[in-house]
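Hello,

Here is the structure we talked about, with some notes to go with it. Please have a look at the model first and then read on.

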Amino acid sequence: MLNLLSKFCDKVWLYIVYMMGFVMLLVLLLNWSNWAISQKLICLLSVAIPMHIFEENTYPGGFFYMNNLSFGSKEPRVYPQNRLTNMITNLGAEIVFILLTINALKMEAAVIVVVVFFGIVELINHTREGIGMYLRYRNKGKHTIYAPGLITSIFPLLPIAIWGISWLMKSTFSIVDIVAGLGISVGIAVCLILLPFAISIKVKSRTFSFNNIGYFEKYE
């Protein structure tokens with residue numbers, strides 16, 4: 001069973017996420033003229049996240065390596081982000097965003113807060129980590145702050161977040177809506193990122209370690 005899970009966490013889950021993103025794109029296009037902005041925005045997020053995952057994990061890949069170094073890992077191929085936590089975080093988040101798309105009209109302001117939160121946080125995080133990797137590799141020929149995930153943080157995630165901010169500025173909502181949106185966002189971060197990371201730091205499982213560091217291979 002452990003071997004099957006390891007195989008699933010290697011490539012299979014990625015294909016599933018990419019298919020989910022493609023399906024959500026078709027759903028968005030078919031419903032564009034009838035949907036409210038809240039539905040469009042959260043559905044756009046469910047399309048953008050697989051694109052972001054592709055850049056981080058497939059091409060050029062290697063985001064985990066940068067991320068683990070930023071956490072101070074002494075074995076950045078092993079922990080805290082490994083292939084299992086990677087699957088839990090990304091597949092789990094995509095499922096949550098699809099569920100929010102289905103229920104968007106019931107909690108419009110809240111889902112838009114989620115869109116804004118993830119757009120802004122992803123850009124800040126990838127910029128911060130990109131600067132860190134530039135400083136790490138500038139003596140090895142690195143000339144920019146680019147690192148896997150930065151391009152899709154700038155587009156499409158940032159424009160989606162800006163559209164969400166524009167909607168919030170023009171709309172009426174309660175503090176409860178904001179708290180709900182922040183609660184969902186923080187809940188995703190804690191349950192799908194920080195908690196799996198905390199367990200991974202203790203276990204340091206080599207079963208789910210990464211082999212290829214993608215974009216950063218040329219600097220190591």
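**Salt bridges and a buried glutamine**

Glutamate 75 and arginine 206 form a salt bridge through their side chains, with N and O 2.2 Å apart. This pair brings together distant parts of the chain, 131 residues apart: glutamate 75 is in the loop between H3 and H4, and arginine 206 is in the segment after helix H7 (175–203). Arginine 206 is exposed, at 51% relative accessibility, while glutamate 75 is partly exposed, with a relative accessible area of 27%.

Before going further, a word on where this comes from. The model is predicted, so local features need pLDDT of at least 70 and side-chain atom pairs count only at pLDDT 80 or more, whereas totals for chains, interfaces and linings use all residues. Residues are numbered from 1 along each chain as its sequence is written, and side-chain values use heavy atoms, leaving out hydrogens and water.

The terms are simple ones. A salt bridge is a side-chain nitrogen of Lys or Arg within 4 Å of a carboxyl oxygen of Asp or Glu. Buried means under 20% relative accessible area, exposed over 50%, and partly exposed in between (1.4 Å probe, protein chains only). Helices are DSSP runs of H or I with at least four residues, numbered from the N terminus.

How many salt bridges are there by this rule? The count is three. Another of them joins glutamate 220 to arginine 136, whose closest N and O atoms are 3.6 Å apart. Here too, distant parts of the chain are linked: glutamate 220 sits in the segment after H7 and arginine 136 in helix H5 (residues 108–137), 84 residues apart. Both ends are partly exposed, glutamate 220 at 47% and arginine 136 at 43%.

Arginine 128 and glutamate 129 also meet in a salt bridge, at 3.5 Å from N to O. Arginine 128 is partly exposed at 45% relative accessibility, but glutamate 129 is buried at 4%.

Now to glutamine 81, which lies in the loop between helix H3 (63–70) and helix H4 (83–102). Is glutamine 81 buried or exposed? Glutamine 81 is buried, with a relative accessible area of 4%. Leaving aside residues up to four places away in sequence, glutamine 81 touches Phe63, Phe64, Asn67, Asn68, Asn86, Phe197 and Phe210, where contact means heavy atoms within 4.5 Å. With asparagine 67, the glutamine 81 side chain makes a side-chain polar contact of 2.8 Å (a pair of N or O atoms within 3.5 Å; within protein, one must be able to donate a hydrogen and the other to accept it, and residues adjacent in sequence count only if both atoms are side-chain atoms).

Best wishes

Technical notes
Helices (H or I, at least four residues) and strands (E, at least two) are DSSP runs, numbered from the N terminus.
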